[in-house]
Amino acid sequence: MKILLPMLFIGTLMNAQVSNVVRHPDSYKNLPYEGTRILQVDEANSPDNEDNVFMFSKIEKGAKPDKMTFQRFTNVDGKWKVVAKKQMTHDGILSAWGQRKAFADYDKDKSIDALFIYALNDYDLKQQSVHLIFSKKDKLYEISTSAESGYTKDVYSDNFKTLPENIQSKILEYWNKLDKQ
C-alpha cells in the first residue's frame with residue numbers, strides 16, 4: 001500500500017499537465033473535418049489553457065487513390081478552428097496507427113505537443129513507408145522511413161531542424177523505439 005499511494009500521486013501530477021479524453025467519433029460530427037469518415041480522433045487539453053482535437057479522416061472506402069487528412073482543431077473563443085492540417089494522397093491504402101501516439105508539453109508553454117504515426121501501404125496491405133507527424137501549435141513536423149531502405153534511412157521535413165533540440169530528442173527517442181515493420 002505504501003508503494004501504491006506515491007504511484008497514484010505521481011500519476012495525478014502527470015495528468016494535471018495534459019489530459020486526454022476519448023469519445024465516440026460521432027461526438028465530433030459538428031467539427032469541419034475533411035473527408036467523409038473519421039478514422040481516429042483524440043482530444044488532448046492543457047487544463048485552463050487550451051482545448052484540442054486531433055483527427056484523421058478519410059474519403060469513402062475503396063476510393064482510388066486513397067486520401068487521408070490529419071487536422072488539429074483548437075477551441076478559440078468558443079469556436080473550433082483548424083490550426084494545422086496535412087492531406088495525404090496515395091495510390092494504395094493510407095492507415096493511421098491509432099495506438100501509436102503521444103501527448104506532452106515538452107517546452108512547458110502550456111500548449112499540447114502531440115505526435116501520431118501513419119503508414120502508406122500498397123493495395124495488398126503490404127507496408128511501403130511509416131510516417132510520424134508532430135503537431136506543435138499551428139505547425140506540423142515530420143519524419144518518415146521506407147520499406148525500400150529497410151527502415152534504416154530517415155527523412156525529415158525541412159522545418160524539423162527548427163524545433164528546439166530538447167523537443168527533437170524526445171521525438172527521436174519515440175521514433176527510434178517504434179517498431180516500424
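This is a predicted model: local features need pLDDT of at least 70, side-chain atom pairs count only at pLDDT 80 or more; totals for chains, interfaces and linings use all residues.
Residues are numbered from 1 along each chain as its sequence is written, and side-chain values use heavy atoms, with hydrogens and water left out.

**Exercise 1.** Find the salt-bridge partner of K86 and state where the two residues lie.

*Solution.* Begin with the rule: a salt bridge is a side-chain nitrogen of Lys or Arg within 4 Å of a carboxyl oxygen of Asp or Glu, and by this rule the count comes to 11. For K86 the partner is E142, with the closest N and O atoms 3.1 Å apart. K86 belongs to strand 5 (residues 79-90) and E142 to strand 9 (residues 139-146), so the pair links distant parts of the chain, 56 residues apart; strands here are DSSP runs of E with at least two residues, helices are runs of H or I with at least four, and both are numbered from the N terminus. E142, at 19% relative accessibility, counts as buried.

**Exercise 2.** Which residues does the salt-bridge network around D107 and D109 contain?

*Solution.* At 29% relative accessibility D107 is partly exposed, whereas K136, at 9%, is buried. Next comes the salt bridge of K137 with D109, at 3.4 Å; K137 is in the loop between strand 8 and strand 9, and D109 is in the loop between strand 6 and strand 7, 28 residues apart. Both are partly exposed, K137 at 42% and D109 at 27%. Salt bridges that share partners then join D107, D109, D113, K136 and K137 into one network.

**Exercise 3.** Describe how strand 8 is paired and covered.

*Solution.* Two strands pair if DSSP finds at least two bridges between them. Strand 8 pairs with strand 7 in the antiparallel sense over nine bridges, and D113 stands opposite K136 of strand 8. Eight bridges join strand 8 to strand 9, again antiparallel, with H131 opposite S144 in strand 9. As for cover, nine of the 10 residues of strand 8 are buried.

**Exercise 4.** Which residues touch the most other members of the largest nonpolar core?

*Solution.* A nonpolar core is a set of buried Ala, Val, Leu, Ile, Met, Phe, Trp, Tyr and Cys residues joined through side-chain atoms within 4.5 Å. In the largest one, of 17 residues, they are I117, V130, L132, F134, L163, I171 and W175. Strand 6, strand 7, strand 8, strand 9 and helix 2 (165-177) each supply at least two residues of this core. A second, separate core of 16 residues includes F70, L94, L120 and I133. To explain how neighbouring positions can face apart, recall that in a regular strand the side chains alternate between the two faces of the sheet.

Methods:
Buried means under 20% relative accessible area, exposed over 50%, partly exposed in between (1.4 Å probe, protein chains only).
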